[in-house]
Structures are given as structure tokens and as C-alpha cells.
Amino acid sequence: MSGFVGVNYGRQGNNLPSPAAVINLIRSRNISRIRLFSPDSDVLNALRGTGIGVVLNVPNPDIQRIGTDPDFAGNWIWNNVLSYNDVQYRYISVGNEIDIPHSPVSNLILPGIKNLHNALRAAGNNTPVSTTIATSLVVDAFPPSNGRFSDGSRDIMRSIVEFLVANRSPLLVNVYPYFAYSLNQQQIQLDYANFTANRVVVTDSNNGLQYRNLFDALTDATYSAIEKVGGWGVDIVITESGWPSAENGNIATIQNASTYINNLISHVSGTSGTPKRPGKSIETYIFALFNENIKPGARDEQHFGLYYPDMREVYPVTFR
């Protein structure tokens, strides 16, 4: 069932292996899906003919032109997708975690999606185009059925979701129980965050749905938000979820990271789904493949990897 689980191949490190070596590593572990934060010719060439499914992200700085210039969008598709016709693209994402509505490109996400969609369809290519959001756009997430998009993001997300419904495309969502737990240990217990609770922890008072893990609760709160803007038929693809192994006290440990990631793989590879969307596996991409030593932000951001840069495992991971 490992086909439902992919990895994020971030490259914010100055000591990482060559793309060819990385793709060989992925293939040796029978990992069949990968997410790229930006197009790179060396990486895409290494992916040719492998059959690995690729989620390709339009970097946030490119959204301005992608959203305003259809010719630029068409050239982007030609240079990064159509020129690699032996690479298996699963989705194209216009941006990653845009801070809607505060980012100046917030209103250009949907025009960018449409421009790329039109360029692909004109070439006879049916790769879905979407965007990737953080769950921070969802407010009132407890209980999950109350989840809704924030007042500032709701109208933009409604328009995006309308497009996704019309084209039967998923919304790409980054789901991190780690951050929720790290910021709210008074109310969230570790076993609820890392899939080890052997009991119902949360019962949704509106619909009676029962939650044993925070991942499902965050995902279903996002489904509730999508439904409230008309997206009843839109699926969620989890484009990032992970747990760091260092640099946040006794929260970010190798043991906690190993527990979370291995339990995550088991959960999403099975057919339990979430309480709101039961009975199916959940396409999920683990963050991240490597520890990245120049990734900006808090120090734990550099320690989400499954592997050290020399390709040794940080901890054993079972891809099912």
C-alpha cells in the first residue's frame, strides 16, 4: 500500500546528495510518489521513466506572473511539464501555504490555476491543477464539524473550491499535529497527536463522530471548511505531514518522530480514512526526505528528515 504515501524532496541544504542518487534512494525504498517545491531540470531528468508520481509546486514568487500572464504560464508548463513527457505528474500546485488574504498574490492564486489548467488542456494534458494550503486558514476547528475558512480567506477559498469542484480536482493541504501539539500541550496530549491513543479522545458534539487522533480531526475540520464553501465533492490530498527529530526539547525526539511517521504511514495506507470520509486510503506526502541544514525558520525546521544528508536513516521507516 506504499503507493498512497510519498515524500517531500526539499533541497534547502548545502550538503545533500545528487538528484540522481536521491531518486535511486527513493526507488530502492519502493516510494512511488514525490513532491517537489520547485521545478529543477536535474531532478526532473532523474525522474524520467521511473513511473514515480510527481506533485510539482509553482514557487510562491512565480505566482505574480503565472496569475497575470497566460503566455508566461504556458511557457512554464512547456518548460517544466510538457518537456518531460516521460515524467508522471499527479498534480501541479500554484503556491505553497499562501497567507490568504495578507499575501499580495492571494487574488492571483485562482487566475494562476486557470492559466496553468488552460495551458495543460490545450496540450491535451489532464494533470489536475490546485493550490496547497496550511490548516491555519481553518478556524473554529474544534469540534471538527465547526471548521470554516477564516473571514479573510473565505471568499478566495470559495472561488478556488468552485474551480476544484468543476474540474474534479483535490485541494492540497499541509496537516501538522506536531505544531498543534507543540503550541498547546495543556489541552492536547501526545498520544492524541502521534496516533497512540487507544481510546476515543474527542467526540464531535454536532454529529457524534469520534476521534482517536489529531490528524483526522485537523483533516476533517478542513473538510468541514471546504463543504461550507460548496466543496462537498472535493477530496483532500495531504501534501505535508511530519515530525522533527531534534531541536524542540523533549517534543522533537527521534522516538517521537519515528512513532508519528510510522503510525501515519500505517493509518493513511489503510482503509479507515477519517471519521468524516471513511473507507479509503489518504494520499499523503511525508515531510521530509532529508534534514535540510539551511532551511530558514525555527531550528526544528532543519530536522524533519527521514534521512541524514549522507543517506543514513534518522530512524527506521516502514513503507507499506
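Student: Which residues of helix H1 are buried?

Tutor: Buried here means under 20% relative accessible area. In this predicted model, helix H1 covers residues 19-28, and its buried residues are Pro 19, Val 22, Ile 23, Leu 25 and Ile 26.

Student: Within what arc do the buried residues of H1 fall, seen down the axis?

Tutor: The arc is built from the directions that run from the helix axis to the C-beta atoms. For H1 the buried residues fall within 155°, so they line one face of the helix.

Student: Which residue just after H1 takes a positive phi?

Tutor: That is Asn 30, with a phi of about 60°.

Student: How many helices and strands does the protein have?

Tutor: The protein has 10 helices and 12 strands. Of its 320 residues, 55% are buried.

Student: Why does the radius of gyration of the protein agree with that of a compact globule?

Tutor: A compact globule of 320 residues would have a radius near 20 Å, and the protein has 19 Å, so the two agree. The C-alpha trace spans about 55 × 45 × 35 Å along the principal axes.

Student: What share of the contacts join residues at least 24 apart?

Tutor: Counting contacts between residues at least 6 apart in sequence, the share is 67%.

Student: How far apart are the mean positions of the positive and negative charges?

Tutor: The mean positions of the 24 positive and 26 negative charges are 5 Å apart.

How values were computed: Residues are numbered from 1 along each chain as its sequence is written. This is a predicted model: local features need pLDDT of at least 70, side-chain atom pairs count only at pLDDT 80 or more; totals for chains, interfaces and linings use all residues. Side-chain values use heavy atoms; hydrogens and water are left out. Helices (H or I, at least four residues) and strands (E, at least two) are DSSP runs, numbered from the N terminus. The radius of gyration is taken over C-alpha atoms; the globule rule is 2.2 Å times the number of residues to the power 0.38. Buried means under 20% relative accessible area, exposed over 50%, partly exposed in between (1.4 Å probe, protein chains only). Contact means heavy atoms within 4.5 Å. Lys and Arg count as positive and Asp and Glu as negative; His and the chain ends are not counted. The place of a charge is taken as NZ of Lys, CZ of Arg, CG of Asp or CD of Glu.
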